[in-house]
Amino acid sequence: MSWLIAAYSAVLLGIFFFVMRIRRLRRGLTPRDDRRSPRR
Amino acid sequence: MSAHALECERITKRYGRIAALNSVDVSVDPGECVAIFGRNGAGKTTLLHVAGSLIRNFDGEVRVFGQSRGDNGSDARRTTGLVLHETCLYDDLTAAENLRFFARLYQVSDAERRAGDVLARFELADRAQSVVRTLSRGMKQRLAIARAMVHRPRLLLMDEPFTGLDEPSSQTLVTVLREFVRDGGAVVLSTHDVERAFDVATRAIVLERGSLTLDRSLADVDAAAFRHAYWHVLFTGTARA
Amino acid sequence: MLQTARAVLEKDFRIELRTRDAISAALVFSILVLVVFNFALDVNTPEMRRLAAGFFWVAFAFAGTLALDRSFALEKESGAGRALALAPVDAGGIYLGKCAANAAFLFITQLVALPLFVIFFDVSIQRAGALAASFALGSIAFAAVGTLFSAVAANTRMRGLLLPILFLPLSVPALIASVETTSFALGNAEGPSFWFTLLVVYDVVFLTASVLVFEYVLEES
Amino acid sequence: MSRCKFAIFIDSMLFITMAAAMAMIFLYAPIESEMGIVQKIFYVHVPLAWNAFLGFAMVFYYSFRYLSTRNPRYDRRALSAAEVGVLFTTLVLITGPIWAKPVWGIWWTWDARLTLTLVLWLIYIGYLMLRRYIESPERRAVLAAVVGITGFIDVPLVYFAIRWWRTQHPQPVIAGGEGSGLDPAMAATLWVSVAAFTFLFLALFGRRLDVEVERSRRETERDAAEAAHAQGVRT
């Protein structure tokens, strides 16, 4: 049973991480940011 | 040849925010030699690269002898010779091998003979068998120009061809270019050397931050008067009559 | 197209004969890898001998990337690559010429390294014909993808490092097929026909794809 | 604007199908006799893999369109599809071993599909890395498109190579044959779950794409302002 939870939480974590990444990229676009954003 | 040798219409090229070229219009007829002046970064090299189809995506239109560069423009490229800052030669091949390779690449029928002629024309015949790596800066430059002419182009685009050439080599280049122009070829070269330009150019244009600020025939003007007008353009940014 | 390919092939051969960069680099590197395998693993057990083909091709996968990286370095150094891009020829011809040259260099390096490999791993060549075919098809496979990606990587900042990262994952089918056909030639495996066909399909697919795509890689936008 | 309506449709469908899928997985689908509850990882593992594959097919399509039209719009879509594809592939490579350990006692099996996913993951990690090391946007788009196309061509070859290679080195099979002999209830749950993860893919793809669209909108805006400023100085 714990394996099942591990797998599903890994998937959730992965999706959460990706959404966070999208937010970080979007915040990186605001004019304040003139340095080259790392993930151009 | 009714069409112009080279026609550039409203050429605009942007690198991100910087407009390297800002709607530049230039046309060159066979038998003309145009010298491009301008500060470093004014867009001289970019214009030559656009005209030589080294840069493909830009706004505006480029035609070589009436033939647009839209498709891979292989005909247009067969009639153009390009001399860049780099020598574009294989350092590990000899001078003769380099010319023979490029002649065959450009489908020159008498590649062997043509390579020999061009080498002789630029006084490199005695160094024909020596590897390019061992040649001096001036010889490499002459060989680079020879490479650009091996396929008998009718339009020559040269980026500061006189740099690195000693006095006799510059003189050879001037005579070769004069002959080339007299035979109906067209030349566009960028340079900072006003005297040298005057020996060979029939017309001069000045680029200022990507825009054309002066385009004047040199027929009725002597070097001193032109230099004065050229500097005036550089320092005030406006063309004086 | 073929005329261009021949001109480029001869040019690369002439440079290689004079400098011998690509072959010596690949040769030294592959021998080094084989030697390292010997130290790292006890190679003289029968199981290890069965895997000899694997060691051989792993050494060549990496040595190959060195030689391939060289092949476009020379175009970039002197800017000659630009003159090639400007030549009124089909970019596919230039690709075929360089690919043929690279395949030949890999093949020659393999032949030169073969005796050492046989000595190190104490293997016996049962079917020389199959071995030659395996080397040839394998070299073409590595050259086909390697030449394309060495041109791609030549345009980037991390040139040397990016080539293996792009090239090795794609070469997995060719690597498996080469190892299987070579171990068949060494008498360690059976039923190679599938692997030979896979190698041929791989070569044809990537040669055609690269020829069609190469003009985009060569151009300087 | 159509983008917004389409996004709402995707999000709502995602919500519905994902809820249905979770419900079916935990309430409706029977417990597998041998493997027990742990087999339910299957309902996440397989949809992720199929959608990752969909993602890389999209990268191939958009790369091809970019090369023929040179419209940056396709390059943005190829990048977004590749990133979500790599995310899904990573999740497949995480859930695979988590499933294999309790059932076969080993973390990694060279099962044909799992290995194919691993090779795909390596190919498209290379694709993303390539994009990072090229400065000019046009060059990056062109070279990325070339890798996007050749990478995808390699997939069938990898698949056949590994399938045949595996018959010579037999390995336990993770997901059974192609849905072979699945109990109808399980099969139904699987299909709902695949649909749910497809909408998840599209939702993430859409959001990632919006960031790129926003980036290019700001860039053109900044260039326009720059040009106007430069024009102002000269006249």
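Strands S6 and S7 (residues 155-159) of chain B pair in the parallel sense over four bridges. This arrangement belongs to a predicted model. Elsewhere in chain B, an open sheet of four strands pairs in the antiparallel sense.

- Strand S6 of chain B spans residues 80-83, and both of its faces are covered.
- One side of S6(B) carries Thr80(B) and Leu82(B), the other carries Gly81(B) and Val83(B), and all of these residues are buried.

**Antiparallel sheet in chain B**

- The strand order of the open sheet in chain B is S2-S1-S4-S5.
- Its edges are formed by strand S2 (18-28) and strand S5 (67-68) of chain B, each of which pairs on one side only.
- Strand S4 of chain B, residues 59-64, joins S5(B) through two bridges in the antiparallel sense.
- Arg63(B) stands opposite Ser68(B), a residue of S5(B).
- The side chain of Arg63(B) also meets that of Glu61(B) in a salt bridge, with an N to O distance of 3.9 Å.
- Glu61(B) has a relative accessible area of 27% and is therefore classed as partly exposed.

**Interface between chains D and C**

- In this interface, 33 residues of chain D are in contact with 32 residues of chain C.
- Tyr133(D), Arg139(D) and Leu157(D) supply 22% of the area that chain D buries against chain C, which is more than any other three residues supply.
- No salt bridges are counted between chain D and chain C, and one residue pair is in polar contact, with both residues at pLDDT 80 or more.
- The elements of chain D that give two or more residues to the side touching chain C are helix H4 (112-132) and helix H5 (137-168).
- H5(D) provides the largest share of that side, with 18 residues.
- By class, the side of chain D that touches chain C has 21 nonpolar, six polar and six charged residues.

**Salt bridges in chain C**

- Side chains of opposite charge can pair when their charged atoms come close.
- Arg6(C) and Glu10(C) form a salt bridge in which the closest N and O atoms are 3.6 Å apart.
- These two residues, Arg6(C) and Glu10(C), are four residues apart in helix H1 (residues 2-19) of chain C, so about one helical turn separates them.
- Arg6(C) is partly exposed at a relative accessible area of 47%, and Glu10(C) is also partly exposed, with 30% relative accessibility.
- A further salt bridge joins Lys11(C) to Glu75(C), their closest N and O atoms lying 2.6 Å apart.
- This pair links distant parts of the chain, 64 residues apart: Lys11(C) lies in helix H1 of chain C, and Glu75(C) lies in helix H4 (residues 52-77) of chain C.
- Lys11(C) and Glu75(C) are both buried.

**Salt-bridge network involving chains A and D**

- A network of salt bridges links Arg21(A) with Glu83(D), Arg208(D), Glu212(D) and Arg215(D).

Technical notes. Residues numbered from 1 in each chain as written. Chains lettered and ligands numbered in written order. Predicted model: local features only at pLDDT ≥ 70, side-chain atom pairs only at ≥ 80, totals over all residues. Heavy atoms only, no water. Contact = heavy atoms within 4.5 Å. Buried area = accessible area lost by both parts, 1.4 Å probe. Salt bridge = Lys/Arg side-chain N within 4 Å of Asp/Glu carboxyl O. Polar contact = N/O pair within 3.5 Å; in protein donor to acceptor, adjacent residues only side chain to side chain. Nonpolar A, V, L, I, M, F, W, Y, C, P; charged D, E, K, R; others polar. Buried < 20%, exposed > 50% of the residue type's maximum accessible area, 1.4 Å probe, protein only. Pairing = 2+ DSSP bridges.
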